[in-house]
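This briefing covers a structure made of two chains.

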There are 2 protein chains.
Amino acid sequence: MAKSTVRRFAIGVDYGTNSVRALIVDVADGTEVATDVYDYPSGKDGILLDPKDPNLARQNPADYIEGFYRSVRAAVAAAKRKPGFRPENVIGIGIDTTGSTPIPVDREGTPLAMKPAFEKNLAAHAWLWKDHTGHAEAAEITAKAAGSRENYLSKCGGTYSSEWYWSKILHCKRTAPKVFDAAYAWVELADFIPAFLTGNLDPDTLPRGICAAGHKAMYHEQWGGLPSKGFLAKLGSGLGRVRDHYSAGAVPADQKAGELTAEVAKKVGLPPGLPVAVGAFDAHTGAVGAGIKPGTLVKIIGTSTCDMMVAPMETELPDIPGLCGIVPGSIIPGMYGLEAGQSAVGDIFNWFVSHLAPAKYTAKGDPHVNLTKEADKLKPGESGLLALDWNNGNRTILVDPLLSGMLVGQTLHTTAPEVYRALVEATAFGALTIIKRFEEYGVGVREVVNCGGIAEKNAFVMQIYADVCDRPMKVSRSAQTCALGSAIFGAVVGGAYKKTEQAQKKMTGVKPTVYRPRKAAAKVYAELYGLYRTLHDAFGTAGFSGRLDRVMKDLIAMRDRVRKGLRKK
Amino acid sequence: MAKSTVRRFAIGVDYGTNSVRALIVDVADGTEVATDVYDYPSGKDGILLDPKDPNLARQNPADYIEGFYRSVRAAVAAAKRKPGFRPENVIGIGIDTTGSTPIPVDREGTPLAMKPAFEKNLAAHAWLWKDHTGHAEAAEITAKAAGSRENYLSKCGGTYSSEWYWSKILHCKRTAPKVFDAAYAWVELADFIPAFLTGNLDPDTLPRGICAAGHKAMYHEQWGGLPSKGFLAKLGSGLGRVRDHYSAGAVPADQKAGELTAEVAKKVGLPPGLPVAVGAFDAHTGAVGAGIKPGTLVKIIGTSTCDMMVAPMETELPDIPGLCGIVPGSIIPGMYGLEAGQSAVGDIFNWFVSHLAPAKYTAKGDPHVNLTKEADKLKPGESGLLALDWNNGNRTILVDPLLSGMLVGQTLHTTAPEVYRALVEATAFGALTIIKRFEEYGVGVREVVNCGGIAEKNAFVMQIYADVCDRPMKVSRSAQTCALGSAIFGAVVGGAYKKTEQAQKKMTGVKPTVYRPRKAAAKVYAELYGLYRTLHDAFGTAGFSGRLDRVMKDLIAMRDRVRKGLRKK
């Protein structure tokens with residue numbers, strides 16, 4: 001018998017690092033109806049690079065627009081082939097993106113890169129989250145903010161990152177002043193997409209999401225929004241102007257940014273006037289899509305991780321050093337959103353496979369599977385190896401991009417699977433360090449839900465995480481938690497639910513398989529973690545004798561000096 | 001025109017880890033006339049192993065005897081095909097071996113392993129230098145000797161090694177008491193070969209070389225030879241007996257051990273009655289063959305290194321901590337012989353190639369050559385990497401087998417050639433640390449002469465050594481310095497020269513190619529060495545906060561515990 005109730009749908013559009021995904025779900029239970037992915041066509045895997053500067057990573061804003069059209073149109077077309085779907089029954093759209101990915105725009109909100117005068121200028125494009133060109137500026141902002149009366153860094157872990165909004169803008173001012181002068185304002189990608197879709201591109205008024213503002217731009221109600229013009233002037237003249245054209249009052253993602261314009265709607269085969277939610281970052285909607293709630297840590301594990309928690313507003317929450325941010329409403333509206341993370345996880349495993357795995361493991365089949373098969377036979381502690389998971393710096397808890405990887409304990413018999421396992425264990429120790437930091441500051445972790453490619457596919461890694469953290473590891477039911485989280489906000493702005501939590505209850509869940517800690521392994525790992533912390537503290541924090549905390553930094557400084565000298569030749 | 005003078009020849013026989021080499025040279029100028037190598041047939045590459053214990057390494061004494069026959073007979077046969085050689089014109093034979101490689105023997109001096117009752121018993125075989133089963137006993141001897149009145153370790157760097165004579169004998173007593181009880185005495189391989197060749201195998205009287213006695217058995221005239229029976233009794237009952245059957249008065253290698261027996265002479269095609277020199281260790285005769293003299297450091301670079309110096313007896317030589325030994329007459333008779341070394345050099349490069357080099361470098365050609373080609377393009381400091389060269393522990397200056405390798409500075413872009421170069425640099429930093437230790441204690445290094453396979457063939461490694469040490473690196477003219485050094489002692493006992501130095505002047509030399517330090521590279525390496533020393537001191541010595549010096553040891557202890565647990569299953 002046919003169901004009599006009409007099914008309703010929401011669309012989540014998830015802008016990742018290399019591609020954009022559109023996901024159409026049933027708002028009743030989160031069932032995935034159709035999905036489509038579009039790879040950004042520009043640069044290498046969608047990223048514009050500079051062979052002379054490994055820190056540079058930009059994107060072409062035109063790819064984002066084309067990506068919306070292509071992915072949503074294809075997903076709608078695919079959904080139409082399923083029973084029960086009709087475009088008229090789509091009730092809302094939510095958007096998430098990478099970040100901080102600010103875009104310099106003109107008075108009309110048009111990205112400078114889309115104007116002929118700037119289309120070849122890398123500085124005029126979107127400054128992708130993983131662009132680290134502003135690391136000197138980040139250090140300067142940290143130093144100046146630390147001395148500020150308002151304590152601007154108190155809500156973002158005490159250290160300003162080279163990945164974030166003001167570091168990038170300040171670096172642009174110093175290295176590409178023509179672009180800086182031509183930019184009327186800087187708009188985060190997460191805000192740009194809803195603005196474009198709803199036809200309100202005016203930088204002075206387009207809705208700015210609290211997620212990007214609070215986590216990356218030092219926005220907080222405590223000091224009246226963005227940092228003061230006086231403080232920004234201390235960083236560089238002209239930065240006050242960026243503040244002037246930053247719309248007042250950043251809002252959470254359960255708010256409507258506007259309605260889908262007729263032009264866009266037509267292009268993708270949806271009705272015009274559809275509510276579009278305020279944008280948020282992928283990790284934040286991913287946490288929503290994984291069912292985050294107070295006491296639940298959501299780990300989004302991919303090339304890097306984001307470790308997300310929420311806490312009720314009535315909690316007396318201290319400033320937690322090393323977190324990327326504590327922002328009211330950034331994940332679930334009405335709760336504190338807490339973000340932590342590891343700078344590299346899957347990226348470290350991929351690095352090892354690409355650069356140090358012998359033919360035995362790479363000649364045939366998936367090298368990760370081949371290495372895992374052997375690594376899985378080892379017992380904790382058996383290799384005598386210990387690694388630090390800092391090949392891409394350390395995000396939480398040290399907030400220091402100038403840290404690097406380390407491996408200790410190798411003998412003349414150390415094998416590739418032993419090193420591979422040590423690297424997996426190192427990322428697990430990094431994960432545990434984050435859990436401990438949350439709990440040290442009163443944010444209890446009662447449940448861990450993992451999502452992302454590694455959580456989905458890699459039982460070996462998940463079991464080590466369970467053993468190292470001595471806690472069960474659950475895995476999110478959806479494989480597309482970021483897009484699902486965005487769809488949840490689409491469902492809320494579309495009126496299917498009043499509150500985000502209600503939508504989550506219906507639309508999210510975990511898989512039946514739970515990785516449970518094994519007692520013997522957990523015991524050995526507890527001991528190994530003690531040694532990990534010894535290395536962590538010696539190389540990552542000041543206060544050890546012999547200036548060990550300088551070793552990694554001196555090596556990087558020397559490397560940069562030598563490379564600069566080589567470039568000059 | 002034919003020369004009117006009759007050419008005279010000496011034979012050097014060099015017992016290495018996997019094979020024995022016989023070399024016939026012209027005593028006038030060291031010209032190599034013929035050579036032959038015999039691979040030991042027993043075990044894996046001549047070594048008897050125990051799959052359950054990676055520390056165990058034994059050899060079959062029968063291989064040594066067969067090896068003398070085969071290699072010398074073949075070399076003599078080859079020499080006979082050359083103009084001017086006649087067996088009657090051979091004037092003497094010198095012997096060098098690995099060490100400490102003690103052999104348990106019966107009352108007649110027959111190795112127990114050659115008797116039916118013990119031929120399957122690994123403990124009854126020769127305990128190869130690289131057997132580390134006695135590491136606990138070594139630590140115990142160090143502790144007890146440190147508290148002894150005579151300061152028995154003052155001449156061997158302050159730490160007794162698991163590679164040495166008494167560690168091995170004590171370990172045998174504790175783990176194979178039947179062998180220990182059956183052994184009338186323990187004879188070093190370097191003493192056993194001359195004893196066998198000259199027919200004087202009686203343990204109570206066969207000549208014992210000062211080289212083995214002084215460097216490995218705590219023999220010193222200052223305390224009347226071997227350590228006292230009282231001290232040995234403190235280590236274990238029965239060790240006094242080993243002392244009782246250790247012939248009095250250890251002698252240098254320019255002394256005659258005896259004359260070649262008719263039986264052996266006949267087997268190899270030489271005249272009976274030929275003088276045979278007292279045996280010494282390969283590194284020591286290698287130093288002689290490379291032309292060692294006061295102020296000249298001879299580095300014998302292979303899988304590990306030996307770093308040898310001599311100092312005139314009139315020098316006021318302090319005890320130098322971390323050296324393997326300071327023994328009068330152990331290299332050149334009448335001078336102090338000083339021995340230092342690195343536990344692994346070529347072994348580390350081989351380990352990397354075997355276990356961590358990707359197919360790109362191993363698929364075709366020599367992986368070392370392929371990696372070197374890329375590594376050679378890098379500038380010092382360019383990779384941002386730094387390694388410790390401790391994959392096999394640290395011999396000089398830390399004398400600690402329970403240290404391990406370390407690599408720091410890796411990013412997500414670190415390549416295999418970068419790691420390979422960092423490992424080469426690490427061994428160079430280790431080499432510099434030894435030079436500095438000599439000089440800190442007043443033994444000036446005015447010249448460095450390198451020999452061994454790596455010095456012969458690897459310009460890349462030699463250039464890095466020159467840059468890191470900021471000194472010219474010379475290479476010995478002979479590629480067989482150990483055998484040449486033995487032949488030099490053969491020439492001396494044969495009467496061609498009165499003193500070893502005179503023979504050296506005529507029979508040794510360096511190659512015309514000298515690796516000279518490059519100023520810019522030396523400057524960067526001076527800075528990198530500072531960081532190396534920071535890591536070296538933090539992980540290798542006590543006194544840092546946070547007990548960093550325990551990290552490697554705790555990892556090894558954990559590994560051993562886990563592996564032991566696995567074996568029990």
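In which order do the strands of the open sheet of three strands in chain A stand? The order is β4-β5-β8, with antiparallel pairing. This is a predicted model, in which local features need pLDDT of at least 70 and side-chain atom pairs count only at pLDDT 80 or more, while totals for chains, interfaces and linings use all residues. Residues are numbered from 1 along each chain as its sequence is written, chains are lettered from A and ligands numbered from 1 in the order in which they are written, and side-chain values use heavy atoms, with hydrogens and water left out.

**The sheet in chain A**

- Strands of a sheet pair through backbone hydrogen bonds, either parallel or antiparallel.
- β4 (48-50) and β8 (126-127) of chain A are the edge strands, each with a single partner strand, so one side of each has no neighbour in the sheet.
- β4(A) pairs with β5 (residues 53-59) of chain A in the antiparallel sense over two bridges; two strands count as paired if DSSP finds at least two bridges between them.
- Within that chain, A:L48 has A:R58 in β5(A) as its bridge partner.
- Helices (H or I, at least four residues) and strands (E, at least two) are DSSP runs, numbered from the N terminus.

**How the two chains are related**

**The interface**

- In chain A, 59 residues are in contact with 59 residues of chain B, where contact means heavy atoms within 4.5 Å.
- About 4800 Å² is buried between chain A and chain B, and carbon and sulfur atoms give 67% of this area.
- Buried area is the accessible area (1.4 Å probe) that two parts lose on being put together, summed over both.
- In chain A, the residues that lose the most area to chain B are A:L412, A:L555 and A:M558, together 14% of what that side buries.
- Twelve residue pairs across the interface are in polar contact, with both residues at pLDDT 80 or more.
- A polar contact is a pair of N or O atoms within 3.5 Å; within protein, one must be able to donate a hydrogen and the other to accept it, and residues adjacent in sequence count only if both atoms are side-chain atoms.
- Among the elements that give two or more residues to the side of chain A that touches chain B are α14 (416-440) and α20 (551-568) of chain A.
- α20(A) gives the most to that side, with ten residues.
- β18(A) and β18 (residues 405-410) of chain B pair in the antiparallel sense over five bridges.
- In this pairing, the bridge partner of A:V408 in β18(B) is B:M406.

**Backbone details**

- A:G99 and A:S100 are joined by a cis peptide bond, with omega about 0 degrees.
- A:S100 lies in the loop between β6 (90-97) and β7 (102-105) of chain A.
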